Amino acid sequence: MIEDPDEIRNIGTVIRNLNALGVEKVYVVDPKRSLSDDWQDLREQRSLSSTSVSAVKWTFVKRFDSTRECLDHLQKNNFTSIVTSPHRKGHRNEILHEADFAAYTKLAVWFGNEGRGITDEAADASVMCIAIPMYGMIESLNLGTSSGIVLYEVTKQRREYQSKFKKRNYRKPIPIDQQVDPHRLIIDDR
């Protein structure tokens, strides 16, 4: 989920990150109506196609007029929402690598506006707020960078979890000697 982004180029960058990590859908809360409602039109929009390096052609993108409309859609489809922000007081806050993203069957990860961050409405509807640990003087990253870091950790954990089971909805563990490391690209049978 990208909530009220200022720059279309940033949407393209997030789409590229998501597609590279195997995420199927991108939802964009776009009250300014910068994007088309028609997915085919989005796929042909030059500004999105160039910054996404054509990933928009293979990634489903849906736009919403408001955060409430998007939250209602997610709730109707049984998604659990989490938000990303370095400073959400009064919420369940987790450091990125310490959170368990495999605990949720259907997960929606929210990224806020480049300048204002995530809205209270999205944060209040989420089960937790994720922060990327940072050790320098700067306490935030741009939208493209933060989406890549967060979604890499989320997909890594979820793939590791899935690799332990033979079938997606069948929770019988695969014997240790039959498990495949999801990070290995080539199996050497020498």
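Two strands count as paired if DSSP finds at least two bridges between them. The model used here is predicted.

**Exercise 1.** State in which order the strands of the sheet lie and which strands stand at its edges.

Solution. Step one: 3 strands form an open sheet, in the order β1-β2-β3, with parallel pairing. Step two: β1 (2-3) and β3 (60-64) each have a single partner strand, so they stand at the edges and one side of each lacks a neighbour in the sheet. Step three: β1 pairs with β2 (residues 25-29) in the parallel sense over 2 bridges, and Val-29 in β2 is the bridge partner of Glu-3. Step four: helix α4 (residues 67-76) packs on the sheet and touches β1, β2 and β3. The direction of α4 makes about 150 degrees with that of β2.

**Exercise 2.** Decide how helices α1 and α6 are oriented to each other.

Solution. Step one: α1 (residues 8-20) and α6 pack at an angle of about 20 degrees, their axes 9 Å apart. Step two: angles under 35 degrees count as roughly parallel, so α1 is roughly parallel to α6. Step three: the crossing of the two is right-handed. Step four: the contact involves residues including Asn-10 and Leu-18 of α1 and Leu-143 and Leu-151 of α6. The contact residues divide into 4 nonpolar, 6 polar and no charged.

**Exercise 3.** Is Thr-155 buried or exposed?

Solution. Step one: Thr-155 lies in helix α6 (residues 143-163). Step two: its relative accessible area is 10%. Buried means under 20%, so Thr-155 is buried. Step three: Thr-155 touches Leu-21 and Val-23, leaving aside residues up to four places away in sequence. The C-alpha atoms of Thr-155 and Leu-21 are 6.9 Å apart, although 134 residues separate them along the chain.

Notes
Residues numbered from 1 in each chain as written. Predicted model: local features only at pLDDT ≥ 70, side-chain atom pairs only at ≥ 80, totals over all residues. Heavy atoms only, no water. Helix = DSSP H or I, 4+ residues; strand = E, 2+ residues; numbered from the N terminus. Contact = heavy atoms within 4.5 Å. Axes fitted to C-alpha atoms, helices over the stretch in contact; angles between N-to-C directions. Buried < 20%, exposed > 50% of the residue type's maximum accessible area, 1.4 Å probe, protein only. Parallel < 35°, antiparallel > 145°, perpendicular 65-115°, else oblique. Left-handed = near helix turned anticlockwise from the far one by under 90°. Nonpolar A, V, L, I, M, F, W, Y, C, P; charged D, E, K, R; others polar.
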